[in-house]
Amino acid sequence: MDDVVVVNTKRVRTAISGTVVGNFMEWFDFGIYGYLAVTISVVFADDLPEPWNLLVTLLGFAISFLVRPIGGLVLGPLGDRIGRQKVLFFTMAMMAVATALIGVLPTSAQIGLWAIVPLYLLKMVQGFSTGGEYAGATTYVAEFSPDKRRGFWSSWLDLGFAAGASVVALTTVITESVWGETAMTDFGWRIPFLVAIPLGIVAIWFRLKIPETPAYENAAETEGEPDRDDPLARHGIGGILRHHWREVLIGIAIVAATNTAGYALTSYMPTYLETEVGISNLGAAVATVPVLLVMSACLPFIGMLSDRIGRRPVYMIAAGSTIVLMIPAFAIMQIGQEWAVFVALGMVAIPVAFYVAVSASTLPALFPTASRFGAMAIAYNVSVSLFGGTTPLFSQALIDATGNTYMPAFYIMFFALLGGIALLSMKETAKRPLLGSVPTVETREEAVEVVERQDDDPLIDTSTMPIPVHRS
C-alpha cells in the first residue's frame, strides 16, 4: 500500500493549473509573432522587396525553433537531475522577459535592417526557454495525473495552447479595431508583446506555487549508483539515445504530425489568408477566435475518450482526418469569404484537436521516469525544430517556388502519414502506470484494489517500479 501514490483531485488541479498557465504563455508569445508576421515584415524588414521581407520575418520564427533542441539538451537532463518544478519556473521567467523586450525593440525605420538582429536574438532566447517548457510541462502533468484518468487531466495542459492562440487572435482584433490597421505598423504591433508583462507575472507566480511530482520524488529517493546498462536508470543524452532510440523516433514522428498541423492553424494561417486568399489580418483573427475556443472546449472530452479506447486509436483518428480533410479545407478557404474561412479553419482544427488532446499523456509515457524530462526534450524539440516551427517558412517557400496554394496541405498530410506509420510501433500506455513509476490513483480504496490484483493485472509490471522489494 505504501508503494502506491494517492493524489487527490484538488492537488492535481493545483499542479496542472500552474503548468497550463505556462503553456498558455508559451503559445501566446509564439502566436503573436505568427499573427503579426506580415506587420512585422513591414516594421523590421521594410527595406527588402517582397516576398523577401516576409520570408526574412518567417525565418526569425524558424530560427527560434532551431534553438529549441539546444534548450532541450540543457534543460531536459537538468530537470531529471534537480526536479521538474525548478526548471519550469526558469523557463517561464525567461520566456516572459524575452517577449516583453521584443515589444520595445527599434524598427527598421530607426536603425535600418540592423533591426532584424536583436529580433532574431530574442527569438533565440524564446526558443531556448521553450526547449524545456513543453517537455517539462508534459512530463509534469503526466506524472501528477492518476493512471486511469491521465488522458483527461493531461489534456488540460494543451488548453493553454488553444487558449493562448485564441487570446493572441483576440488581442489582434481589439488592437486593430481600436487603433486601425495602419496604426499597427506605427506602434500597435508593440501592444501584444507588452501584454506579456502582466501575463508573465501571473504565470511566474503560479509556477512558484506548484509542488514537485510524486513520481520524481519517489524515483529520486530510490535512485542508487548510476547504472549505464539499466534502461530505467537516469541517463544523459548518450544513454537516452542508446536505450530509447526507438521511442525517440516514434516521438519525433508523432510530434512532427501534430505540430505541422498545429502551427499551420495557429501561426501560419493569418499569413496565408492575407497573402494567398486576400483576407485582412483582422478578418483572419475574427474567424480564428471562435474556432480555437471551440477546439479548446473539446480537448478534455477527447482526453476522456483516450482513457476509454486508448491513445493509439485517438492518434489514428487525428492522422486519418488530416489526410481526408486538408485538401477540402484549403479548397474552401480559396472561396475567400468569411464563412468559408471559418468552415475551413474548423476543418483544420478537427485533427489538431485529436492530436494535441493526447500529446501530454502519450509522449511522456514513452520514457522511464528517471530520464523522462531529458528524453522528452530530445524527441519533442528535435521534431518541432525541424518540422513544426518551420511550417510557416517551408509552406510559404513552397508556394513561392511552385505557385501552388495547396502546398501547405500536402506538407501537413505528408507528416500525418509518417505519424500514422510510427503509431504502428507505439505501445499502448492508457490505464497503465508510467514506466519507472509506481501506480498513481485518486483514492485509498483504489489503491487497495491495485495491490490486491497486482499479480493478475496485465497493466501492472512491478519489475519496472522504483520499489525496494518486489512483493509477490
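## Basis

Residues are numbered from 1 along each chain as its sequence is written. In this predicted model, local features need pLDDT of at least 70 and side-chain atom pairs pLDDT 80 or more, while totals for chains, interfaces and linings use all residues, and side-chain values use heavy atoms, without hydrogens and water.

## Nonpolar patch

Met316, Ile323, Phe414, Leu417, Leu418, Ile421 and Leu424 make a nonpolar surface patch of about 650 Å². α20 (407–423) and α16 (311–333) each supply at least two of the patch residues, and α20 gives the largest share, 4 residues. Met316 lies in helix α16 and is partly exposed, at a relative accessible area of 33% (between the limits of under 20% for buried and over 50% for exposed, with a 1.4 Å probe and protein chains only).

## Largest pocket

The largest pocket holds about 620 Å³ of space. Its lining has 26 residues, with Ala365, Leu366, Lys427, Thr429 and Leu435 nearest the centre. By class, 13 are nonpolar, 6 polar and 7 charged. Helix α14 (residues 237–277) provides the largest share of this lining, 5 residues.

## Largest cavity

One cavity of 30 Å³ or more is found in a search of the whole structure; the largest cavity has a volume of about 100 Å³. Lining residues include Trp27, Asp158, Asn259 and Tyr380. α14 and α17 (338–362) are the elements that give two or more residues to this lining, and α14 gives the largest share, 4 residues. The lining divides into 7 nonpolar, 4 polar and 1 charged.

On a 1 Å grid over the protein atoms alone, a cavity is a set of points where a 1.4 Å probe fits but cannot get out, and a pocket is an open set with protein on both sides within 12 Å along at least five of seven lines; lining residues have an atom within 4 Å of a point.

Methods: Patch = residues over 30% accessible without salt bridge, like charges linked within 9 Å, V, L, I, M, F, W, Y side chains within 5 Å. Areas by Shrake-Rupley, 256 points an atom, 1.4 Å probe, with all protein chains shown as cover. Salt bridge = Lys/Arg side-chain N within 4 Å of Asp/Glu carboxyl O. Points joined across faces, edges and corners; volume = space filled by probe spheres on them. Nonpolar A, V, L, I, M, F, W, Y, C, P; charged D, E, K, R; others polar.
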